[in-house]
Amino acid sequence: MDQKYAFLEKVGKEPSNLIKGLQAVQGAEGYVSDESIAAISEYFGIPAVEVEGVLSFYAQFKRVKPGKYKIAICDGTACHIKGSTQVGEWLSRELGIQSGETDARGHFSLETVACLGCCSLAPVMSVNGRVYGKLDRKSIVKILKEYENK
Amino acid sequence: MSQEKIKKIRVGVASCGVAAGADAVLELLRSRAESIPVEGTGCLGHCYAEPMVEVLLDNGDSVFYRNVKAEDGYIDNILSLGEKDRFEVPPARKAKELIKVLALAGRIDPTRFEDYTENGGYEGLKRALSMTPVEVVNEVKLSGLRGRGGGGFPTGTKWSFLAAKDTPEKILICNADEGDPGAFMDRSLMESVPHQVLEGMLIAAYATGATKLFIYCRAEYPMAIRHLKIAISQIYEHKLNVINGRELEIIIKEGAGAFVCGEETALIASLEGQRGTPRFRPPFPTDSGWKGYPSMINNVETFGNVPLILREGAAAFAAIGTEGSKGTKLFALAGDLKNPGLVEVPMGTTLREIVFDIGGADPDKVKAVQTGGPSGGCIPVELFDTPVDYDSLKKLGAIMGSGGMIVIGKDRCMVETARYFLDFTHRESCGKCTFCRVGTTRMFETLERIVAGKGEMADLEFLEDIGPKIRMGSLCGLGQTAPNPVLATLRYYRHEYEAHVKDHQCEALQCSALVDMHIDKSNCIKCKLCVKTCPVGAISDDLVIDNEKCTRCNACKDVCPKKTIHRVKKGSIQ
């Protein structure tokens with residue numbers, strides 16, 4: 001196995017740890033690459049096609065390399081009621097990418113998630129896990145500017 | 001009171017607080033408070049007032065401050081016990097709430113073991129260990145506790161199934177995969193009082209003879225996972241996991257984002273490292289679950305109730321609530337209301353009390369409330385005198401669900417709301433059952449057509465026809481409840497559907513395909529902010545909106561200082 005994936009040893013070879021293994025890979029690289037699928041398949045002794053079958057089932061796993069700053073738009077019920085669709089449109093317009101995409105220089109990526117659990121601050125989004133609430137167009141532009149040159 | 005000395009300061013740093021900026025407040029307070037201890041605590045449930053700071057005085061009193069900012073002015077005010085920004089629980093809320101399960105939330109440091117034990121923590125476990133396992137199961141049965149995840153199955157009965165199994169390995173699973181968009185009760189409980197959930201699990205392990213304990217938690221809840229991990233290591237340290245001479249392992253498994261994994265057989269498949277698809281029951285998990293071992297799954301809030309039952313006795317617990325639903329229930333209140341947050345009320349409290357008295361919603365502006373998330377239904381304001389318990393809501397075509405409660409204002413379109421829920425469920429369907437996989441997709445497509453003004457009356461009949469079929473043709477709760485939001489809105493708001501189809505009109509002016517943007521020139525001061533703001537250049541210099549170009553993004557409407565820009569029925573103004 002590629003030395004790069006030596007950290008899988010900590011997960012445990014038990015096949016029930018497959019999801020944990022995928023989470024470890026994504027934690028380290030930000031996404032699940034073809035290369036890492038091969039390593040996981042070898043480590044667990046599970047055919048690559050089955051690994052792909054499991055990972056494609058779960059929304060958490062990404063097959064595309066994310067940007068340096070991962071923006072997640074919350075589209076939970078409360079956020080939706082409070083206008084998350086528009087939050088998504090504003091972000092897409094500002095960044096020039098759609099949900100699920102990464103911009104050309106690999107700085108920002110955009111995704112829509114089910115619920116960040118901060119419903120009372122709706123609408124919310126998160127940037128690399130940091131949650132921003134009560135969004136409007138102005139605050140979004142301000143937040144993006146903050147990360148633009150970081 | 002300003003003569004009093006400050007003993008300690010607490011800042012609410014659960015996820016909601018942090019999102020509102022509590023981290024920076026905590027940091028600044030620490031640097032400014034000198035010798036006064038400043039600690040982070042969990043959630044008090046008053047999300048609208050975040051970030052919140054509690055100042056504990058030497059005389060035992062507390063002063064709360066609301067919406068604190070990490071600025072010197074705010075901090076000075078707090079340290080001098082100023083009168084500004086003080087927070088009091090709204091009296092109407094105080095009168096209706098009954099805080100039992102959340103008693104310690106926001107009152108202790110969730111990462112400190114002693115904070116929990118000094119406040120009655122692990123006394124329930126102690127009492128359980130002084131009884132026989134059968135007595136503990138009976139105590140839970142007598143309490144009348146029912147599953148808080150939405151199913152409402154009697155908890156004690158479920159425990160007795162696992163207890164009856166005579167196998168060397170038995171599995172206990174805590175379902176912390178709170179997938180309902182709009183629900184955050186379990187997150188708050190795990191973040192604020194992780195030990196209470198774990199104490200409930202240990203009591204259950206003793207009562208049922210479980211040997212391995214899992215917590216299946218959403219990966220989107222990093223703080224809950226962190227606090228649980230700390231709590232588990234403290235449990236190991238104090239050997240509280242040694243039950244009947246056997247050291248029990250408590251394992252946290254992170255879910256990977258699949259709503260269907262809230263269903264127990266799907267959750268077990270996911271725990272085994274597979275795709276989270278449900279399977280036919282029987283065999284029930286208590287007969288054959290994780291890797292074939294007898295397994296039992298309870299929800300976070302269910303476990304959170306157990307220590308109280310053991311500590312205070314089944315009778316005290318059963319004294320609260322209604323005939324068929326005992327105890328209190330947590331609700332995550334959000335949407336169109338003044339005071340969103342986490343509330344705890346006795347079962348049987350009416351929707352009117354929760355939404356208006358506790359939530360502070362404006363009775364003139366509320367249309368409905370959605371309970372049970374995408375599996376539930378909406379309940380119109382006319383039926384708000386309904387008591388909230390497992391059975392009453394079911395009769396109305398909704399469910400209590402796990403406790404998400406979204407208030408829907410009069411300016412929201414019910415067809416669009418139904419479309420939103422079906423968008424969610426059709427994507428989350430695991431694909432195993434044809435009726436769920438194809439049926440929810442067809443429902444979603446039909447609703448998309450209707451909100452786009454391209455629906456026909458036959459579409460409404462189609463929705464009413466296929467809904468019950470999806471219910472009957474699906475293995476698990478996801479498919480069985482997915483049509484609820486559509487059928488409930490069709491039941492109570494059919495006129496809105498008909499207006500979309502027949503008159504191409506969205507009453508609430510929310511469906512963008514059916515509205516134009518219009519500037520009311522009578523009030524306009526010609527500041528032209530709208531012209532500058534419009535991202536697509538659809539507003540001309542003489543302030544006319546080109547509705548062909550316009551994307552209905554509302555940017556002009558939001559920026560207008562005189563509020564002269566409105567959404568109007570499409571084609572109504574030439």
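How many helices and strands are there in chain B? I looked this up in what is a predicted model, and I found 24 helices and 18 strands in chain B.

**Overall form of chain B**

I next checked the dimensions. The C-alpha trace of chain B spans about 80 × 65 × 40 Å along its principal axes. The radius of gyration of chain B is 26 Å, which agrees with the value near 25 Å that a compact globule of 574 residues would have. I noted that 54% of the 574 residues count as buried. Among the contacts in chain B with a separation of 6 or more, I recorded that 72% join residues 24 or more positions apart.

**Contact with chain A**

I then turned to the contact between the chains, to which chain B gives 46 residues and chain A gives 36 residues. On the chain B side, I listed α1 (15-19), α12 (264-271), β12 (328-335), β16 (404-409) and α24 (555-559), each of which supplies at least two residues. The largest share, four residues, comes from α1(B).

**Helix α21 of chain B**

Is helix α21 (residues 484-492) of chain B mostly covered or mostly uncovered? I found it mostly covered, with seven of its nine residues buried. I wrote down the buried residues of α21(B) as N484(B), P485(B), V486(B), A488(B), T489(B), L490(B) and Y492(B). I also looked up what covers these buried residues, and the elements of chain B include the strand β15 (377-380) and the helices α17 (414-428), α18 (434-451), α19 (457-472), α20 (477-481) and α22 (494-502).

Terms used:
Residues are numbered from 1 along each chain as its sequence is written. Chains are lettered from A and ligands numbered from 1 in the order in which they are written. This is a predicted model: local features need pLDDT of at least 70, side-chain atom pairs count only at pLDDT 80 or more; totals for chains, interfaces and linings use all residues. The radius of gyration is taken over C-alpha atoms; the globule rule is 2.2 Å times the number of residues to the power 0.38. A residue is buried if 20 or more other C-beta atoms lie within 10 Å of its own, exposed if 12 or fewer, and partly exposed in between; C-beta atoms are placed from the backbone. Two residues are in contact if their C-beta atoms, placed from the backbone, lie within 7 Å.
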